[in-house]
Amino acid sequence: MTSPIAEHWDLIYPASPPRSRLYSLQPIGVGTPWVESLTGYMARLAEAHCVSPGDLIANELKSLASKSHGKSYLHQTSSSTESLNSTGRMALELVQALEYQTLRLDLRYLTLLSWADILPPKGLLRRIRAWCPSCYNEWQHNQKPIYEPLLWALETVSICLKHRQQLRSCCPKCQRQLPALAWHSKPGYCSRCYQWLGTTLTPEVATLTTNPDELKWQRWVLENVGKLLETAPSLLKAPTRERISRSLSVCISRTVEGNIAEFARQLGTHKSAVWQWKSGKALPQLSMLLKICQILEIDLLNFLFNPESLTNTRDSLAILVKRDFPSQKPKQQLDTDQVQEFLQSALIEEPPPTMKAVAQTLGHNSRSLRRRFPELCSAISARYLNYRDQVRAAKVQESCQEVRQIALKLYGEGIDPTRSYISRYLSKPAYFREPAVVAVLESTRQELGLKNS
Ligand SMILES: [Zn+2]
Ligand SMILES: [Zn+2]
């Protein structure tokens, strides 16, 4: 007989929401200009799982792995990982693979996919990773998550406005450039030597890194591109390429009465290029689009969605062109006192930077710096070379000890510790090219009563 209590038992399984295979990690800054990049998200997600992005893709994103024809996906795409943040197939495939595994629907906003129809890939994203070391440092200091804003990946963005300094693209320790996503990428760290990439520059020094014209241009770029990134999640329908030709037609007819040749002249470009953009046969690159908008004094979003808001007349256009258009990269002026102060501070920076890295941070040519400050620049170079020699000597010493330990271990296991056998276990086999390392092997073999290998 059924008990009265059992009659009230509900034997139907409660409906539970689907579970994601990977953590449903929330992306940073969606719907703001500071949204993170998809490659940066991939690196953070891998870190949350305590694995490298390379391993995470190889083991969990099988749809990508199956496209790599035997080679690992990241190795196959190593020369073009910036495309993972862009507008094309690679970005779409990674978004779909990650959305499937995390059950998120907002990862496409970490790329430029929303603008795929109006932004040509050429000149859109820089081929190497760029970062603001002061932003990294500030986030670390304030215990905020370290991440890679999508803005830093754009070719047209060259400075951090907050810290008034050029973005860096060369690791201060190993002096190498980094891809957008590498096997061992980790936000804030070099994917090659694993060095922390954050540093602090004093405000006086940091303002040096750009001049007023460049600052003005970058302010315009960041404001307008920032609005594109901010708007992407709320777009009801992605804009099509016809928008560009329609907006250009309106602008050309309002400012130069439909005269394409005149408009091209004002822009400093060929009239056939303007004609192709206007007729929809080609698209202007993002930097050109921003320049057009700056000259017309119209926001990029208004240009795309509301070109009728343009109020400029022919006269104001001509004046604007002369006054504002940055036709070439502005020539940088050297402020002697501040540069000298910066070079002196580089002499006590740890680890010692190269002269190339110092010049890059200052935003000046290293040759002109050497001409103006020969002694300080020589001292910076000499200090770096000395540091590099010390690092190398320490690594050789480490390899010597490692070779001896491995040789003794192998011998203890009854294996002849030959050079080729030891190389398999050595953390840096290339150091076997060093005579000191070879000498340690020979002396250890002699000690063990073995013939030299
Ligand atoms: Zn910054
Ligand atoms: Zn490095």
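I call two residues in contact if their C-beta atoms, placed from the backbone, lie within 7 Å. With that settled, I opened the file, which is a predicted model.

**Entry 1: Ile298**

I started at isoleucine 298, which sits in the loop between α12 (286-296) and α13 (300-305). Which residues does isoleucine 298 touch, leaving aside its neighbours within four places in sequence? I found contacts with Cys293, Phe303, Ser309 and Leu310. Buried or exposed, I asked of isoleucine 298? I counted 21 other C-beta atoms within 10 Å, and since 20 or more makes a residue buried, isoleucine 298 is buried.

**Entry 2: the whole chain**

Next I zoomed out. I noted 20 helices and two strands in the protein chain. Its length is 453 residues, and 36% of them count as buried. I also looked at contacts with a separation of 6 or more: residues 24 or more positions apart account for 70% of them.

On confidence, the chain averages a pLDDT of 85, and 89% of the residues score at least 70. I marked residues 318-331, where the pLDDT is below 50. Beyond near neighbours in sequence, I get 14 contacts for that stretch in the model.

**Entry 3: the cores**

I went looking for nonpolar cores. The largest has 80 residues, and Leu38, Leu94, Val225 and Cys293 touch the most other members. Which helix gives the most to this core? I have α12 down for that, with seven residues.

I followed up on leucine 94. Leaving aside neighbours within four places in sequence, I list Leu38, Leu64 and Leu84 as its contacts. Another core lies apart from the largest one; I count 13 residues in it, among them Leu343, Met355, Val358 and Ile380.

**Entry 4: α11**

I then turned to helix α11 (residues 271-278), where Val274, Trp277 and Lys278 are buried. Why do I put these three on the same side of α11? They cover an arc of only 95° around the axis, which places them together on that side. What do the buried residues of α11 pack against? I wrote down α9 (242-256) and α10 (260-267). Glycine 280 follows the helix, and I read a positive phi near 80° there.

I took leucine 103 to begin with, at about 55°. I located leucine 103 in the loop between α5 (89-102) and α6 (133-141). With 13 other C-beta atoms within 10 Å, leucine 103 is partly exposed.

The other is glutamine 143, with a positive phi near 55°. I found glutamine 143 in the loop between α6 and β1 (159-160). How many other C-beta atoms lie within 10 Å of glutamine 143? I counted 6, and the cut-off for exposed is 12 or fewer, so I logged glutamine 143 as exposed.

Terms used:
Residues numbered from 1 in each chain as written. Chains lettered and ligands numbered in written order. Predicted model: local features only at pLDDT ≥ 70, side-chain atom pairs only at ≥ 80, totals over all residues. Helix = DSSP H or I, 4+ residues; strand = E, 2+ residues; numbered from the N terminus. Arc of directions from axis to C-beta. pLDDT = per-residue confidence, 0-100. Core = buried A, V, L, I, M, F, W, Y, C linked by C-beta atoms within 7 Å.
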